Each structure stands twice: as structure tokens, then as C-alpha cells.
Amino acid sequence: MYIIDISLKYLASVMPHEPMKLNAHPTNNTVGWRFDNSYTRLPDYFYALQNPVPVRAPHAVMLNHALAESLGLDLRTLSDAEAAALFSGNTVPEAAQPIAQAYAGHQFGHFTMLGDGRAMLLGEHLTPSGERFDIQFKGSGQTPFSRRGDGRAALAPMLREYIISEAMHALHIPTTRSLAVVTTGEQVVRETLLPGAILTRVAASHIRVGTFEYAVRQGGTEGVRILADYAIQRHYPDLIGSENRYLSLLNRVIERQAALIAQWLLAGFIHGVMNTDNMSISGETIDYGPCAFMDAYDPHTVFSSIDQSGRYRYSNQPLMAQWNLARLAETLLPLIDPVQEEAVTLAEEAVHTFPQTYQSQWISGMRKKLGLFTAEDEDAELIAALLSWMYKNQTDYTNTFRALASENLPVDAVFQAPEFIAWHVQWQARLIRQPESRDSAQHLMQAHNPAIIPRNHRVEEALSAASEHGDYAPMQQLLAALADPYADVPEYYDYRTPPTPSERVYQTFCGT
Ligand code: AMP
Ligand code: MG
């Protein structure tokens, strides 16, 4: 009772009355912005007011019109110069209130105070249906949290985030989206001089596990309470009346993350930098750095050049998510129960549900990939046998599943070998044991086994054409193919081909 009473008081002072009210004075603009910046109503230690640092000669190279339309924005009314000025931050729309958000995080296991060092939240845009989205710039200049960084971003990594986040969206994996990329007309100094760019990212919010870690250190229990109430109001308003809303929040984030990580593994995605500052409370995939999709199936796959120990390798992602969620749980302890031992017991119980929730999400996704509508105990073995065969034979993860979903199996020798044939017989027998027709099973499989993923060698090819030669055609074509990854489009068959040994990308870089 005590906890809930206090929290409601803070809720009233920080947040507009529920449901969130629209901005009383909508911005008069042709694009259609409707800003209402609730984050700036949090205590001031949560952010720093900070305008984007103007750039010399901005030029819009990517505009996501489909996304804009879904947000109730019309970018087609903008001239090239206006689009460039808008998405570089050279002109800030009326009613936007740019801030750099403060946060902390465990990076590769080590705690650090961080914050938006090269990002800025332009504001929160309300769609015509009242949904709230963060509009964030990445690469928009220095902030009080830049430490020794230049606040800038290079073009290729921003285009990379654009490609991968849009691909994730088309794969139905919760993710931030990419609205625009502008080049800045300035160079950034990395190992070499690179063209600078700014990405405009759209997110349900940028509240991270690391934001809670920051709140508890900066604002103590009250700080976390304010942030938790804000997060509940913004993402999980159905929890407002629940008996122990902070424990419910923890449970909800655990559920969302378990579902998210299961989807990553099902798609063969490796995030690469699962630090607590890169884990969103909303359950979206956030902060695309050295992420990549795996070609040949290998659970040990790690791409990131900075992940020396393989902490964030493919198969370790569920464990690392749970580790991060334990850090979140720690910040919520005093809110979960005033008696510490009680709080610890409850929080531990919650965090320990992760493996099972994850596993059941994953196996239900795997069943769909194999055309199974029903559940049998032996399914886990059937799946394990397939994966172990894939690993042994280094078959392509995406193509193998897609092949199972097609009428005819590939003619490759591995698919004709006795081990696979034995597995196939078992699988066929399993399919027959379910009441659903073969056709339905095939449809289920085709809807859950993409034909096209953003393969590293194709992504790199598109990035170097754009970044080194100003040629955006390969990127546009790749994006068109990735927009409908489950379709069978002959024009895009080429994107299904795994890399040859010489094309294979072994390492990806943050590019920060
Ligand atoms: P990231 O690897 O993008 O998740 O960033 C980790 C932290 O480093 C965040 O606090 C970033 O804001 C900060 N950071 C990354 N690159 C830069 C940069 N070029 N200038 C300033 N801060 C940066
Ligand atoms: Mg980050």
C-alpha cells in the first residue's frame, strides 16, 4: 500500500493524466509533427537539454516514406533542402525539445555511467491514433555525456542500422525503426577519415535497463520509482492497478525480453553488444552496432570485433539477457518490498522464470519453422537432432529451414546422406500425426522461415557502394528484397546465396 500511494503522487506530478494527453498545442507544420515531450517532465537529472550541433552541408540519402506514413508524417511535402535541414537537426521543429538522455550500463560486465554521447532525442511524436514514439538522432554532435567522443557517426554504420532494423521489422521482430539518414558534408575521424552521417531512429522509447541503473544511483529509491512509474505508464499501463506494480513491471520486461531473444535465435540474429544500456524496457531490439545474421549454423558464432571472449555469441544471448534482467531487478528491490529479504526472494523468483519462458517461446517458434501445429514432448529431440546435423555439416541456417518448407529438398549430398534421411523420416511421421493438412503445414513453414535475410556480404557490398562511391542502388535493391522476406520472388533469388569462402564476413565493427 505504502509503495503504491507514494508512486501515484509522483505519477501525477510527472506524467500527464492517463491516458497520456496529446499536446494541447499541436505544432503547425507541413510534415505533421505532433510533439509531446513527456521525458522532459521527469526530474532534470534524467536528461540534459541539448540542441543538435549544426552540420556543414547536410544531404538526405535515405527517407523512409512508408514508415513516415505509418506515423502520420508526410515527408513528400519537403524539398531536398528542407529534408536535409530537418534530419540533420540544422533546423529543429517547433515543439520539439531536444535532449540527451542520461543512463548508465554494464558494458561487457563492467558498470559505467554513460548517457547519449552522440544521440539526441528530438522529441516524442504522437501518431494520429495516439501512439507515442521517440524520434532520435544518432550522430548529431557532442552532449554533456560525450566523454571523449566526437558525438558523430560515420555513414556506413548508420546505413547498416537502417538496413538491419528495417529487415528485423519485416521479419516481425520487435525493433526500433529507421526514418532517415543524412550525410553531414563533414568527415569523421576514425581509423581513417570517413563520411559523417546522422540516422533518425524511431523507438517505442529509449528507456533502457541502464536507465534504471542510472536512476537508482542518481535519484535513489525515489528516482527508480519515478522512472518505473513512467515506464509503466508509457509501456505497460495495464499494470497500473496491479497489486505489486514494480514486480509486475519486472515480470513483464522479463516476458518481453524472453520473447525477443527467442525471436533473435529463431532468425539466426546476433546482436553483438548486449550491454544493459542496449536493452530496452519496451522489448524492442535497440542499438544496432556490430550485429549480424549467421550464415552456416554454428551456435558459437560471434561477429563483433570487440567481443573477444564471445560473451555475446549467438547461443549465449539468452543467458546474457537474463544477466541483464538481474541488473534491472536489483534496481527495483526497494520498490518490490520494503523488507529486503522478501524483495530479493520475489525478484530472484522472477528472474529465474526467464529460462523457461525463453525456452517455451523458442520451442513454439521452432515448431512453426517445422510446420508443427501441435506439441509433443519429443519435439525438443527432433529439433535438437536437426540442429546438430546442421552444425556438423555447416549447412546454411536460413536456407535449410526454407528448404524444408519447399516441395523439393535440395540435391546437395548432405541432404541425401543417411543421417539426414533418417531425421527426415522421423519428421514426416511427426507431421502425419497432427490433424492439420500438409498444405497448412507448408504455409505455416513458409510464413516462419524467411527466404531472405540481410546476409553480411550483401550488407557490406551495399554499404561500400553507398559509403565509398555514393551509389545507393545496391542498398535500395537490398531493402526492397528484405521488405518481404517470406515471399518467393525470382528477381531476388540472388540474395539467398550464402557467401563463398572469399566473400564471407568474419568480423563486424561498431564503427563508433
Ligand atoms: P553504443 O556502442 O552506440 O551503444 O554506445 C555506447 C556509449 O558510447 C553511449 O553512451 C554512446 O553515446 C557513447 N558513444 C559512442 N560513440 C560515441 C561518439 N562518437 N561520441 C560520443 N559518444 C559516443
Ligand atoms: Mg548504446
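**Exercise 1.** Find which side chain makes a polar contact with that of His106, then place His106 in the fold.

*Solution.* Start with the side chains: His106 and Glu213 are joined by a polar contact of 2.5 Å (a pair of N or O atoms within 3.5 Å; within protein, one able to donate a hydrogen and the other to accept it, with sequence-adjacent residues counting only if both atoms are side-chain atoms). Before going on, note that this is a predicted model, where local features need pLDDT of at least 70 and side-chain atom pairs pLDDT 80 or more, while totals for chains, interfaces and linings use all residues. Residues are numbered from 1 along each chain as written, chains are lettered from A and ligands numbered from 1 in the order written, and side-chain values use heavy atoms, without hydrogens and water.

Next, the fold: His106 sits in strand 4, residues 104-107 (strands are DSSP E runs of at least two residues, numbered from the N terminus). Finally, the cover: His106 counts as buried because its relative accessible area is 12%, and buried means under 20% (1.4 Å probe, protein chains only).

**Exercise 2.** Identify the protein donors of the magnesium ion (ligand 2).

*Solution.* Look for N, O and S atoms within 2.8 Å of the metal (3.2 Å for Na, K and Ca); water is not among the atoms, so sites may look incomplete. You'll land on Asn278 (OD1) and Asp287 (OD), 1.8 to 2.2 Å from the ion. Now check their cover: Asn278 and Asp287 are both buried.

**Exercise 3.** Work out which backbone atoms approach ligand 1 at Gly117 and Gly151.

*Solution.* At Gly117, a backbone N or O atom is 2.6 Å from an oxygen atom of ligand 1. At Gly151, a backbone N or O atom is 2.9 Å from a nitrogen atom of ligand 1.

Conventions:
Buried < 20%, exposed > 50% of the residue type's maximum accessible area, 1.4 Å probe, protein only. Helix = DSSP H or I, 4+ residues; strand = E, 2+ residues; numbered from the N terminus.
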